[in-house]
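Opening the notebook on a new model today. I want to go through the sheet, then the core, then one loop.

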Amino acid sequence: MQLFDVYPVNDITIEKAQGSNVWDDKGVKYLDLYGGHAVISIGHTHPHYVKRLTDQLNKVGFYSNSIHIPLQKQLAEKLGKLSGKEDYQLFLCNSGAEANENALKLASFHNGKKKVIAFRKSFHGRTSLAVAVTDNPKIVAPVNETDNVVFLPWEDEAALQTAFEQNEVSSVIIEGIQGVGGIRVASFSFLQKIRTLCDKYNAVFIADSVQCGYGRSGRFFSHDYADVNADIYTMAKGMGNGFPIGGIIIAPHIRASYGLLGTTFGGNHLACAAALAVLEVIEKDNLIENAAEIGAYLIGELKKFPQVLEVRGKGLMIGIELPESLAHVKKELLFKHKIFTGEAKPNVIRLLPSLALTKEHADEFLAAFRKEVENN
């Protein structure tokens, strides 16, 4: 049997990882500024994380949600404390797509309405509802197509107002910083407008924080910069530092009932141990503050390059837009300088490193980036 060939892959096999570095099967060391797509939040194989998981595995690895799992309550308490959403409710699942799927479904249960507002260049996942609100026709199968989704231009407040006036809107889903869309930061006024209209029309504000959450932006949720509270926040990626876990936190006015949502693997013992380890390290090592500090440094330095068209982002979620003539830079960074980065089409380099990234690592990247853009 062969693997179903849906991923273009680099000819690299990683065998070891530590902190912000990885090593391939030939012993070559790389700087990881991609974090497995914003997943590695506290650094690879962090000793506290490894111990937490190992200790839990030696006790019990899994049982279903049919029994008490104290780790779930511990996670909810810790997450509430660090996020500042202590009066919210937590539902655990396994991935970002599941988180968004459950959020959209819960919103519709809550207000009995169908229409969802999403935005151009959005990415919310590949499952049925999540992909329906994703602005990429290539990954929307015919069975996923629905008239219940209204796509609006990014940051167009007039179009948003009109959409609410013309539709029975169930929810609005928005990334505080678009990831796949090229690291586009939602303005404070736009997020506040969404909050105002959701309040007026009894709609649910869903803050997709799968990539831009969990401290990556320099705040726990990037939406927090706008001083608004969403009704539902979706999470995954950095939540488990590589262990599959996702979740939604739900405002207190949205009520639960038995059977409303469900999951087999969500909130299992190992997943909760991983998520608790992440929050404990984030808190102990002040990683949200570090993300803000190192991110501001990187953004400031990158803006000095005249070859760069634009630098966007907050914290350690950074997009570097390059001209077509420098489209090769990402490849050169990887194969010539041994630095992993991400990308967004057509020519945006995405930086999504561990929140524990050091200034030395940032300078290593900047030196390599300077060589490539100045020599072309």
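I count two strands as paired if DSSP finds at least two bridges between them. The model is a predicted one, which I keep in mind throughout.

Sheet. I looked up the strand order and got E4-E12-E11-E10-E7-E5-E6, an open sheet of seven strands with mixed pairing. Its edges are E4 (89-93) and E6 (149-152), each pairing on one side only. From one strand to the next the twist averages 20 degrees.

I then checked one pair inside it. E5 (residues 115-119) and E7 (residues 169-175) run parallel and are joined by three bridges. Opposite Val116 I find Ser171 in E7.

Helices on the sheet. H3 (residues 70-83) packs there and touches E4, E11 (232-235) and E12 (246-250). The direction of H3 makes about 125 degrees with that of E4. H6 (residues 157-166) also packs on the sheet, touching E5, E6 and E7, and its direction makes about 170 degrees with that of E5.

Core. Which residues touch the most other members of the largest nonpolar core? I get Phe119, Ile194, Leu298, Leu302, Ile320, Phe365 and Phe369, out of 84 residues. Helix H8 (residues 269-284) gives the largest share, eleven residues. There is a second, separate core of 20 residues, with Ala99, Ala103, Ala132 and Ile206 among them.

Loop. Pro346 sits between strands E16 (342-344) and E17 (348-351). Buried or exposed? Pro346 is exposed, because its relative accessible area is 64% and the cut-off is over 50%.

Terms used. Residues numbered from 1 in each chain as written. Predicted model: local features only at pLDDT ≥ 70, side-chain atom pairs only at ≥ 80, totals over all residues. Heavy atoms only, no water. Helix = DSSP H or I, 4+ residues; strand = E, 2+ residues; numbered from the N terminus. Buried < 20%, exposed > 50% of the residue type's maximum accessible area, 1.4 Å probe, protein only. Core = buried A, V, L, I, M, F, W, Y, C linked by side-chain atoms within 4.5 Å. Axes fitted to C-alpha atoms, helices over the stretch in contact; angles between N-to-C directions. Contact = heavy atoms within 4.5 Å.
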